[in-house]
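Let's take a walk through a protein together. Have the sequence and the 3D view ready, and follow along one stop at a time.

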Amino acid sequence: MSDRRDFFGKALGAFAGLGALGALYAAKRTWDPLPSVKAAGFTTLDLSGLSENKLYVDKWRGKPILIIKVAKNSKPNEAPNGNNKNAYEDPRLISVGGHKYMIVIGLCTHLGCIPDYFSDKHKFICPCHGGQFNAAGEVLKAPPPSPLVIPPFKITGNKVVLGEEGPEYKKLKESGLVA
Ligand code: FES
């Protein structure tokens, strides 16, 4: 009997291990960490070498940061309410080195879950209550009441410093595109 228990214990352990590995692998497939430098409230993201339409993640002041180099044709499919505008045209995107990037705090504006990015659909779907955002962080489907939040940023060359209000951020602020 104890052999039997040992066997089940080991089998369960192996299964749990495989599950953890599987989860890690799945996470690795959907996002990549970015080369970044962190110092006293600032996170500097190096955007050179990013692939288009792929989710990258980092952290700023303990919050998840989601980054996408938005593809020229970034129309969400299966658009709820017919809202399938190309996210590439969105004025909230940040232009760096001739490319456009979505850089947002990765917390759903409904109740703070981290939305998942589906690159084939060009949109985020929140796992908690099904809210959706396009690749620029704009709301496609309620309940989120507002777009994903753009953190204060400053552009320096191919890098973006989070935590500092540069002229591009101030412009977005003046236009009412960031809170
Ligand atoms: S927390 Fe995202 S839809 Fe509710």
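This is a predicted model: local features need pLDDT of at least 70, side-chain atom pairs count only at pLDDT 80 or more; totals for chains, interfaces and linings use all residues.

Start by finding Met102, which sits in strand S7, spanning residues 99–105. Is Met102 buried or exposed? A residue counts as buried when 20 or more other C-beta atoms lie within 10 Å of its own. Met102 has 26 such atoms within 10 Å, so it is buried. Who are its neighbours? Leaving aside residues up to four places away in sequence, Met102 touches Ile67, Ile68, Val70, Leu93, Ala135, Ala136 and Gly137. Take Gly137 from that list: along the chain, Met102 and Gly137 are 35 residues apart, yet their C-alpha atoms are 7.2 Å apart in space.

Now move on to strand S13, residues 159–162. In a regular strand, side chains alternate between the two faces of the sheet.

Which strands are joined to S13? One of them is S3, residues 42–46, which runs antiparallel to S13 and is joined to it by four bridges. Here Leu45 has Val160 of S13 as its bridge partner. Another is S12, residues 153–156, also antiparallel to S13 and also joined by four bridges. In this pairing, Lys154 is partnered with Val161 of S13.

Finally, look at the turn of the hairpin that S12 and S13 form. Two residues lie between these strands, and Gly157 takes a positive phi near 65 degrees.

Terms used
Residues are numbered from 1 along each chain as its sequence is written. A residue is buried if 20 or more other C-beta atoms lie within 10 Å of its own, exposed if 12 or fewer, and partly exposed in between; C-beta atoms are placed from the backbone. Two residues are in contact if their C-beta atoms, placed from the backbone, lie within 7 Å. Two strands pair if DSSP finds at least two bridges between them.
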